Amino acid sequence: MAVNLVNVENVSKVYGTRALLDGVSLGVSEGDRIGVVGRNGDGKTTLIRMLAKLEESDTGRVTHSGGLRLGVLTQHDSLDPTATVRHEVIRDMADHEWAGNAKIRDVLTGLFGGLDMPGFPQGLDTVIGPLSGGERRRIALAKLLIDEQDLIVLDEPTNHLDVEGIAWLAKHLRERRSALVCVTHDRWFLDQVCTRMWDVQRGDVYEYEGGYSDYVFARAERERIAATEETKRQNLVRKELAWLRRGAPARTSKPRFRVEAANELIKDVPPPRDSSELMKFASSRLGKSVFDLEDVTVQAGPKVLLKHVTWHLGPGDRIGLVGVNGAGKTSLLRAMADAALTQGEAQPAGGRIAVGKTVKLAYLSQEVGELDPNLRVLEAVQRVRERVDLGKGREMTAGQLCETFGFNKEKQWTPVGDLSGGERRRLQLLRLLMDEPNVLFLDEPTNDLDIETLTQLEDVLDGWPGSMIVISHDRFFVERTTDRVFALLGDATLRMLPRGIDEYLERRRKMEEAAAASAPAALKAVSEKNDKSEKSEKSAADQRAAKKELQKIERQLDKISEKETKLHAQIAENATDFAKVAELDAELRDLTGERDELELRWLELAEDA
């Protein structure tokens with residue numbers, strides 16, 4: 001029987017005149033993996049802060065089991081700005097000590113791209129103070145994950161991580177034994193990691209079994225039966241459910257409900273997009289030419305990001321753009337935007353970008369544009385346009401579009417200066433769409449948006465006729481709103497990926513494996529070069545002995561790798577036999593320890609050889 005770790009009993013919390021939580025009772029047990037969702041401002045962060053005893057409740061109580069080891073990632077870190085990354089993350093452990101720890105190596109590689117922490121000026125010895133908020137947050141996450149905990153509480157852990165980092169974090173959390181409570185708007189991440197969901201709504205918390213896909217179905221079913229939600233919101237949930245059920249089987253990684261029930265619920269819901277109809281409408285608005293890139297080279301200062309790129313963006317194309325940080329995704333969009341805004345006069349470092357004559361571009365950058373803080377929300381939208389044509393005969397007033405984006409009638413009269421970061425982001429998107437563009441560039445549009453707002457944005461984009469490029473680390477959003485994925489893999493090229501983000505992650509994994517495989521060879525080459533250029537302090541006999549032992553270790557490592565592969569296959573075959581799985585898992589851990597020792601010995605011998 002699972003041990004109870006945290007109890008929340010009849011907890012309430014009021015801010016001003018608003019009750020964020022009203023008589024909430026919950027529990028977290030060993031092995032729980034709980035995702036927390038809800039609209040911004042409904043109390044998700046307040047709930048997990050009280051759960052971790054970082055904030056007091058007005059009524060009720062929160063109790064922790066005796067000796068609970070708790071790790072918490074908040075939205076604001078408590079790192080010492082005068083300390084180095086080494087001091088905060090690995091606590092000044094000796095190099096041979098932490099380098100011999102597989103867990104530390106995995107965390108540093110997964111979050112920073114390597115043990116030498118590329119991108120940080122002095123690697124582990126970089127001082128924290130001057131670093132950006134995103135870099136500090138990754139350091140705080142690494143510090144938490146290196147420790148052992150009974151319960152981990154994470155508030156938006158995927159912020160500032162790229163697609164690879166998010167995939168690594170999901171895998172890492174699945175393999176940990178710690179219980180987990182996690183607030184995030186990343187729906188793919190929720191489906192990969194969580195087995196239960198808490199939905200925070202207007203003071204209450206509703207519990208659901210399963211990951212995000214199961215939650216969408218269960219919530220749609222509950223709202224259909226109880227008829228407690230307004231028709232618009234119910235239709236949005238039903239539409240998203242239709243997308244999930246019609247998508248790849250992997251989307252519903254933990255199905256707990258009958259397929260027949262889901263099919264019955266969505267039988268009258270049309271596909272999210274009528275692609276052929278949208279393509280016709282886009283062609284009529286844009287003509288044949290939108291953007292044509294010929295032999296284009298893009299630079300950021302002296303650094304060449306893309307070389308000799310030839311690419312065509314046609315009418316109605318919906319493109320997802322993914323890639324490693326610093327590969328040039330944003331720089332590519334800016335080069336195309338500059339060409340469009342200057343009618344072809346501004347050109348990249350090399351090649352040419354031709355822009356269609358009818359292109360009307362809207363570019364949502366990562367920075368939230370400044371607006372007069374004294375303007376009301378509705379006034380800020382009406383300054384752009386009173387009504388907007390969404391295509392296919394759909395037309396909305398400024399007020400109606402405000403409501404679609406979560407600004408109710410009362411909120412529409414709030415001064416812009418009083419809006420939160422997420423609300424300003426929504427307002428920026430809304431103003432862009434009100435200007436009736438026929439080409440959209442969206443650079444990280446999901447930043448600061450809650451899941452409900454994301455589904456509303458996706459619904460608007462479903463019927464939007466035009467060409468679109470989306471850069472986002474939110475895998476669910478990219479797959480939901482685009483039809484094709486292109487990738488920048490860090491080698492100055494642009495590639496189309498027929499299998500989308502799965503193919504991107506596979507390619508990146510192979511690149512990393514190739515780099516790792518070449519590292520020992522490179523180390524040997526450096527060692528041999530040094531032996532030729534300097535008089536060796538080791539005798540020829542010692543070198544021969546070291547080389548012989550190195551070869552032996554490499555053969556042992558190959559055998560261990562084969563055994564690990566077989567054990568993983570056996571664990572999968574015996575998934576329902578818990579005793580057998582425990583026995584196989586123990587063997588796997590022993591092999592991992594043996595491999596770590598051999599790798600450390602290999603590094604020691606490399607210099608001698």
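Predicted model: local features only at pLDDT ≥ 70, side-chain atom pairs only at ≥ 80, totals over all residues.
Strand S10, spanning residues 291-300, pairs with S13 in the antiparallel sense over five bridges; strands here are DSSP E runs of at least two residues, helices are H or I runs of at least four, both numbered from the N terminus, and two strands count as paired if DSSP finds at least two bridges between them. Residues are numbered from 1 along each chain as its sequence is written, and side-chain values use heavy atoms, with hydrogens and water left out.

The pair belongs to an open sheet of three strands, ordered S11-S10-S13 and antiparallel in its pairing. Strands S11 (303-313) and S13 (350-355) sit at the edges with a single partner strand each, so one side of each has no neighbour in the sheet. From one strand to the next the twist averages 30 degrees. Helix H12 (residues 329-341) packs on this sheet and touches S10, S11 and S13, its direction making about 120 degrees with that of S10. For such angles, axes are lines fitted to C-alpha atoms (for helices, over the stretch in contact), and values run from 0 to 180 degrees between N-to-C directions.

Phe-291 brings the hydrophobic side of the story into view. Setting aside residues up to four places away in sequence, Phe-291 touches a list of residues that includes Trp-311, Met-336, Ile-353, Ala-354 and Phe-441, where contact means heavy atoms within 4.5 Å. Phe-291 is also among the five residues that touch the most other members of the largest nonpolar core, which has 127 residues; the others are Leu-145, Trp-311, Met-336 and Phe-441. A nonpolar core is a set of buried Ala, Val, Leu, Ile, Met, Phe, Trp, Tyr and Cys residues joined through side-chain atoms within 4.5 Å. A second, separate core has 25 residues, among them Met-50, Leu-51, Val-153 and Val-183.

Elsewhere, strand S19 (residues 484-488) is mostly covered, with four of its five residues buried; buried means under 20% relative accessible area, exposed over 50%, and partly exposed in between (1.4 Å probe, protein chains only). S19 pairs with S12 (residues 318-323) in the parallel sense over five bridges, and here Val-322 stands opposite Ala-487. S19 also pairs with S20 (residues 494-497), this time antiparallel, over four bridges, with Phe-486 opposite Met-496. The hairpin of S19 and S20 has five residues between the strands, and in it Gly-490 takes a positive phi near 90 degrees.

Asp-77 lies in the loop between strand S5 (70-73) and helix H2 (85-89) and is partly exposed, at 29% relative accessible area. Its side chain reaches the backbone nitrogen of Leu-79 at 3.0 Å and makes a polar contact of 2.8 Å with the side chain of Arg-136. A polar contact is a pair of N or O atoms within 3.5 Å; within protein, one must be able to donate a hydrogen and the other to accept it, and residues adjacent in sequence count only if both atoms are side-chain atoms. Although Asp-77 and Ala-140 are 63 residues apart along the chain, their C-alpha atoms are separated by 6.5 Å. Thr-158, in the loop between strand S6 (151-155) and helix H6 (163-175), counts as buried at 6% relative accessibility. Beyond its neighbours within four places in sequence, Thr-158 is in contact with Ile-166, Thr-184, Asp-186 and Phe-189.
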